Amino acid sequence: MSYQMIALLMFSTMMLLLLTGQRVFGVIGFVGATAALFLWGQGGVEMPFSAAIQLMNWYPLLTLPLFIYMGYMLSESGIAGELYEMFHVWMGSLKGGLAVGTIGLMVVVSAMNGLSVAGMAIGATIALPELLRRGYDKVMVTGVIQAGSSLGILVPPSVVLVLYGMIARQPVSQLWLAGAIPGLILAGLFVLYIVIRCRLQPHLGPALPAEERQMSLGEKLKLLRAGLLPLMIFFFMTGLFLMGVTSLVESSAVGALAATLAALFKRRLTWKVIESTVHKTLGISCMFMWIILAALCFGAVFDGLGAVRAIENVFLDRIGMSPWQILVMMQLSYILLGMFLDDTAMLVIVAPLYVPLVISLGFDPIWYGVLYTITVQIAYMTPPFGYNLFLMRAMAPPEVSLGDIYRSVWPFVGIMLIGLALITIFPQLALWLPHLYRGY
C-alpha cells in the first residue's frame with residue numbers, strides 16, 4: 001500500500017470513528033498510535049510516548065489553565081454582570097442600544113476570557129432575559145448573542161489561537177496581535193448592522209423609556225468604574241507582555257492573579273466561587289491537554305508518512321489547482337466539519353495537514369490562523385448542526401424556539417463572510433500589528 005493510501009486510510013478511519021460519538025482525543029490518539037504500530041512495529045510505541053513527553057515539557061502549555069481560570073473567576077464572581085449594567089445605562093437611549101451594549105459586553109468578556117462558551121453563557125443568562133423583557137425582537141437578539149460570543153476565539157487572549165500556535169508552532173504573541181484588528185472589525189460590523197436595522201425597523205430594538213434613563217452624570221460616571229477593572233486586568237496581562245516586561249506564561253499568571261484580586265476587591269471571593277472556578281478550570285484544561293497530546297501523536301505519524309507533500313502534489317500537479325483555490329477549498333472543509341465538531345477538534349484534525357500545506361503554498365501561517373478562526377466562527381453558527389446553535393438552545397428561555405435560533409444567525413453569518421473576505425483580500429488588516437510589533 002502506498003503512503004498516500006495509508007494517509008487517506010488514517011484520515012477516513014478517524015472521521016468514521018468520530019461519527020460514532022467517541023471522544024475526540026480518544027479517536028485521534030487511537031488512530032495515530034495504531035498506525036504507528038502497524039507502520040514501524042514495536043518501535044512505533046515510542047511515537048505516542050515521545051508526544052506525551054513533548055507535551056509535558058511544553059512550557060507555554062501553562063498558559064491554558066491560567067487563562068481559563070482568569071475567565072471563569074471573572075464570570076463566577078459577577079464582574080461581567082456589572083459590565084452589562086454599565087452598557088445598559090450608557091447605550092439605552094439609542095434604538096437598539098441594548099443590543100449594541102451586548103456586543104460591547106461580549107468584546108470585553110472576550111478580552112477577559114478567550115473562550116466563546118463563557119461569552120455565550122454570560123450573554124444568555126445576563127443579557128438575553130433583559131433584552132426580551134425590554135421588548136427587543138427575540139430573533140434579532142438571539143443572533144446578537146451568538147455572534148458576539150463568537151468573538152471570544154478571535155479577540156486576544158484567545159485560547160483557540162494559543163492552541164493553534166502550539167500545534168502549528170507559531171508565536172502566540174503574533175497570533176494575538178493578528179486577531180485584534182479583525183476581531184474589532186467584526187464587532188464594528190455587528191454594531192453597524194444593529195444600528196441601521198433598528199433605525200429602519202424601530203420596533204426590533206426600542207430605546208429605553210426616558211424615566212429609566214434619568215440619571216445624573218455623576219451616577220453615570222460612577223457606573224463606568226465597572227469597566228475599569230477589566231481594562232486594568234487586560235492592560236496588566238496583555239500590555240506587559242507586548243512591552244516585553246513579562247513572558248507569555250508570566251502574563252497569564254498576572255491575569256489569573258489580577259482576576260482573583262478583583263474578586264477579592266469586590267468582596268466576592270467566596271469558597272463557592274473558588275470551588276466552581278477551580279472545578280471548571282480543571283475540566284477544560286484536562287480536555288485541552290488530552291486533545292493536544294492526541295494531535296501531536298497523529299501529526300507525528302502524518303509527517304513521517306510525507307502525507308503533506310503527497311497531497312500538495314495531488315492538488316498542484318495532478319488536478320492543477322492554484323494556491324488560492326486550494327485555500328478556498330480548505331476553508332470550505334472547515335465549514336463542513338463545523339457542522340459536527342467544535343473548534344478544538346477541527347484544529348487538531350486538520351492542522352497537521354493544512355498548516356504545512358499553507359506554508360508550502362507561500363501563505364503566511366499567522367494570517368492563515370486568523371482566517372481559520374473566522375471560518376470556525378462561521379461554522380459554529382451555520383445550520384443545521386452549528387455548535388453555537390445548540391448551546392443557545394440549551395441556554396435560551398422556552399419562548400425562543402430552535403427555528404428562531406436558526407433564523408437569527410443568517411444576517412450575522414453574512415456579516416462574518418464579509419469580514420472573512422476583507423481579511424483574505426487585505427491580509428495587512430491581520431498582519432499590520434504583528435509586523436509593527438516586530439519592527440518591520
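Predicted model: local features only at pLDDT ≥ 70, side-chain atom pairs only at ≥ 80, totals over all residues.
Me: Where is Ser408 found, and is it buried or exposed?

Reply: Helices (H or I, at least four residues) and strands (E, at least two) are DSSP runs, numbered from the N terminus. Ser408 is found in helix H21, residues 402–425. Buried means under 20% relative accessible area, exposed over 50%, and partly exposed in between, with a 1.4 Å probe and protein chains only. Ser408 has a relative accessible area of 2%, so it is buried.

Me: What polar atoms lie around the side chain of Ser408?

Reply: A polar contact is a pair of N or O atoms within 3.5 Å; within protein, one must be able to donate a hydrogen and the other to accept it, and residues adjacent in sequence count only if both atoms are side-chain atoms. The side chains of Ser408 and Gln146 are joined by a polar contact of 3.2 Å. A polar atom of the Ser408 side chain also lies 2.7 Å from the backbone oxygen of Ile405.

Me: Which residues of H8 are buried, and what span should H8 have?

Reply: The expected span of a helix is 1.5 Å times one less than its number of residues. Helix H8 (residues 138–149) has 12 residues and should therefore span 16 Å, which agrees with the 17 Å between its end C-alpha atoms. H8 is mostly covered, with 11 of its 12 residues buried; among them are Val139, Thr142, Gly143 and Gln146. At the start of H8, a side-chain oxygen of Asp137 reaches to within 3.3 Å of the backbone nitrogen of Val139.

Me: How do I read a pair that is apart in sequence, such as Ile378 and Val413?

Reply: Compare the two separations: Ile378 and Val413 are 35 residues apart in sequence and 6.0 Å apart in space, C-alpha to C-alpha. Ile378 has its place in helix H19 (residues 365–380) and counts as buried because its relative accessibility is 2%. Beyond residues up to four places away in sequence, Ile378 touches Ile335, Val413, Met416, Leu417 and Leu420. Across the protein, 81% of contacts between residues at least 6 apart in sequence join residues at least 24 apart.

Me: Why look at the phi of Arg267?

Reply: Most residues other than glycine have a negative phi. Arg267 has a positive phi of about 60° although it is not a glycine. Arg267 is found in the loop between H14 and helix H15 (271–305), and it counts as exposed because its relative accessibility is 78%.

Me: How many disulfides are there?

Reply: A disulfide is a pair of cysteine sulfur atoms within 2.5 Å. By this rule the count is 0. Cys198 is buried at 0% relative accessibility, whereas Cys286 is partly exposed at 36%.

Me: And what is the overall picture?

Reply: The protein has 22 helices and 0 strands, and buried residues make up 54% of its 440 residues.

How values were computed:
Residues numbered from 1 in each chain as written. Heavy atoms only, no water. Contact = heavy atoms within 4.5 Å.
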